[in-house]
Amino acid sequence: MNTAERLKQARVIPVIRQADETNILKIAEALANGGIQAIEITAETKDAAKLIRKTADAFEGKLLVGAGTVLDPETAREMITAGAAFVVAPTLNVKTIELVHRYGLPCIPGVLTPTEIQTALEAGAGTVKIFPAGTVGPSYIKNVLGPLPQVSIMATGGIHLDNMEEYFANGAEIVGIGSQLVKASALNTDSDYQALQEKAEMYVDRAQQFHEQLSLHV
């Protein structure tokens, strides 16, 4: 199974912002113990490349560690060199897609309009990120897939435990979950990390149950 397929299998990808060297491994451990298979460490976080390297080394074979909020090819190269297994962006930059693909890795660019989606597909993107998904809502994904049924969609922005299934039901293959799941600055005690693990388990279980029920009706 290649990385792109593993991301689709993961279904739920936590977006980790503003972590640091004191907590990134604890966060990753809690998420992995909760069943999470892939995480995204955002590039605007201080020392993001160092955090990606540290986490990728510590969780090799257990977690896919990717870079998020990658705005340009230069940042993409830095994150990939640090060990990022995939690259996610909030915006569409064709040169970034091309650079990431030269390294043989998935790039998931941020898009909103059908024109942006088509541009991303023509540049070689296998999956696109509808962002901010919460602004347009789950039905937007279904509407996009009408004329563009071949598109693989990751939805990010405003997604939480109570509305995640609506995005899956409308055609999203992956969801990115931000501060609704991980708020690094609020994690201080062992009980905080235990609560994070339990919350991760809830997301994973709900996603799995939804897809199991879906498969029964296919």
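The lining of the largest pocket is made up of seven nonpolar, 11 polar and four charged residues (Ala, Val, Leu, Ile, Met, Phe, Trp, Tyr, Cys and Pro count as nonpolar, Asp, Glu, Lys and Arg as charged, and the others, Gly among them, as polar). This is a predicted model, in which local features need pLDDT of at least 70 and side-chain atom pairs count only at pLDDT 80 or more, while totals for chains, interfaces and linings use all residues. Residues are numbered from 1 along each chain as its sequence is written, and side-chain values use heavy atoms, with hydrogens and water left out.

The volume of the largest pocket is about 310 Å³. Of its 22 lining residues, V15, R17, I177, G178 and S179 are the closest to the centre. A pocket here is an open set of points on a 1 Å grid where a 1.4 Å probe fits, with protein on both sides within 12 Å along at least five of seven lines, and lining residues have an atom within 4 Å of a point.

Helices α4 (residues 73-82) and α5 (residues 94-102) pack with their axes 8 Å apart, at an angle of about 25°. That makes α4 roughly parallel to α5, a term for angles under 35 degrees. P73, A76, R77 and I80 of α4 meet K95, T96, L99 and V100 of α5, where contact means heavy atoms within 4.5 Å. These contact residues divide into five nonpolar, one polar and two charged.

Two backbone details remain. Most residues other than glycine have a negative phi, and most peptide bonds are trans. The bond from F131 to P132 is cis, with omega near -5°. R11, a residue other than glycine, has a positive phi near 65°.

Definitions and conventions. Points joined across faces, edges and corners; volume = space filled by probe spheres on them. Axes fitted to C-alpha atoms, helices over the stretch in contact; angles between N-to-C directions. Helix = DSSP H or I, 4+ residues; strand = E, 2+ residues; numbered from the N terminus. Parallel < 35°, antiparallel > 145°, perpendicular 65-115°, else oblique.
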